[in-house]
Amino acid sequence: MDNSFQGKQNNARKAVTPPKYVKQVLIDLQAHGYKAYLVGGCCRDMLLGVTPNDWDICTSALPEEICSVFDSTVLTGAKHGTVTVIIGSHRVEVTTFRLENTYSDHRHPDNVMFVADLTEDLKRRDFTMNAIAIPPDGYVSDPFGGRDDIRNRLIRCVGNPEERFEEDALRMFRALRFSARLGFDIEEKTYSAIAKKAVLASELAPERIHDELEKILLTNRAEIIADAVSLGLLDRFIESRDVCREKLKLLSTIPRKQLMRWSALCSVLISSGCITDTKIFLGSLRSDRRTLSLCNTAQKILEGPIPGNPVEWKKLLSRYGRDAVSCASCGFDIVSGSESRAELRKVLKSGEPYSMADLALNGDDLLAMGYRGKELGNMLGFLLDYIISFPDYNKKDILISLVQGISDD
Ligand code: ATP
Ligand code: MG
């Protein structure tokens, strides 16, 4: 077997190798007599020819031993055997080989035991593709056939899937998330184990579910959310599992922005009858306030007619603001098959005024003309409506004459 980092990758793809500081951590640990490997997601990504988000290292060194090898370290989770090694401006997570015993809450191991054997450490990992370790030299450790599964684009649990989901129910969402991100299928037994154990998702913290759903939403295969719905993973948040997959497929055509994707998801769930209230749905998932409020406003807009011309779009923009209207335009496109986003884009690109801030005449000008209180507010509202319909007249002198004309009447 080829021992170089490059040699471990599919030849057809570009070679991804760990940066110097990561290699240095591996070599320093080895030089002190410890075993050290790249492990988990970074090995999977390297084999796929993708640059990993982060580089994780596992080692036979105990946390205090890791600290004694490097000048600058932070004991991030001594209980779990994790030390952050700081090399210049870089941080690398180094974790002692460990086993996890019982999981009484279907999420967190009750205790962790450090072990000397790499395979034991790999055994506790979720999927075969994430249970691969690569040393700086020597042989790749892949005791569960992760490379074959990567080649066959399959997500398969390490060990018995039902037991693994019993231990940690979040793994069911991770399976869907990796499937969405990598475009891999979920192996049959792993998939049917999710269906069997989906009920355990009800015990997970909603924040964790929110984060996993958001990661799925931001991929190019956001329709995988349909699997989460139909498998029953979201039963506690929705009223029906009968979601329209075809509409969910369109989520990936929407800009990859957190707010827009959540809003579009809500509109599909509402139109499918899975939820009735955006606020309740997002609130139960502990969404942040801004997302909750904007998605709710977008939903209100979606209950009305699709704007038929630029003036109607500008009226919506003036009333609800650009973010909520942009979200609603995505919802219109997905649910009604309209061309709303393109229409809205044209309106925004025209630069025509639609908000108070765009008015060429402001409150101070009206004060100087003798307007006060409610009367002043009403006049500003009237002027805004006026320039929305007649953008060319948004000039101070024209608006002053208009106000004077009205005052004289
Ligand atoms: P990403 O690219 O999204 O970071 P990753 O595979 O690196 O993907 P992490 O959440 O960073 O995922 O976890 C690092 C590694 O730790 C995983 O590859 C896997 O080996 C292991 N792991 C993480 N979460 C779990 C879990 N819930 N159960 C078992 N193993 C896990
Ligand atoms: Mg990672």
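A search of the whole structure, which is a predicted model, turns up 26 salt bridges. The views below start with one of these pairs and then move on to ligand 1.

**View 1. Arg177 and Glu212 meet in a salt bridge.** The N to O distance between these two side chains is 2.9 Å. Arg177 belongs to helix α7 and Glu212 to helix α9 (residues 206-217), so the pair ties together parts that sit 35 residues apart in sequence. As background, side chains of opposite charge can pair when their charged atoms come close.

**View 2. Ligand 1 takes up the space of the largest pocket.** Two elements, α2 (41-48) and α7 (170-182), each give two or more residues to the shell around ligand 1. Helix α7 supplies the largest share, with 5 residues.

**View 3. A shell of 17 residues surrounds ligand 1.** Arg44, Asn130, Asp168, Arg171 and Arg181 are the closest of them. Sorted by class, the shell comes out as 12 charged, 4 polar and 1 nonpolar.

**View 4. Gly41, Arg125 and Arg171 each place an atom by ligand 1.** Gly41 does this with its backbone: an N or O atom there lies 3.1 Å from an oxygen atom of ligand 1. With Arg125, a polar side-chain atom is 3.0 Å from an oxygen atom of the ligand. For Arg171, a polar side-chain atom lies 2.7 Å from a nitrogen atom of ligand 1. Taken on its own, ligand 1 has 580 Å² of accessible area, and the protein covers 80% of that.

Technical notes
Residues are numbered from 1 along each chain as its sequence is written. Chains are lettered from A and ligands numbered from 1 in the order in which they are written. This is a predicted model: local features need pLDDT of at least 70, side-chain atom pairs count only at pLDDT 80 or more; totals for chains, interfaces and linings use all residues. Side-chain values use heavy atoms; hydrogens and water are left out. A residue is near a molecule or strand if one of its heavy atoms lies within 4 Å of it. A polar contact is a pair of N or O atoms within 3.5 Å; within protein, one must be able to donate a hydrogen and the other to accept it, and residues adjacent in sequence count only if both atoms are side-chain atoms. Accessible areas come from the Shrake-Rupley method with a 1.4 Å probe; for residues, only the protein chains shown count as cover. On a 1 Å grid over the protein atoms alone, a cavity is a set of points where a 1.4 Å probe fits but cannot get out, and a pocket is an open set with protein on both sides within 12 Å along at least five of seven lines; lining residues have an atom within 4 Å of a point. A molecule sits in a cavity or pocket if more than half of its atoms lie within 2 Å of its grid points. Helices (H or I, at least four residues) and strands (E, at least two) are DSSP runs, numbered from the N terminus. Ala, Val, Leu, Ile, Met, Phe, Trp, Tyr, Cys and Pro count as nonpolar, Asp, Glu, Lys and Arg as charged, and the others, Gly among them, as polar. A salt bridge is a side-chain nitrogen of Lys or Arg within 4 Å of a carboxyl oxygen of Asp or Glu.
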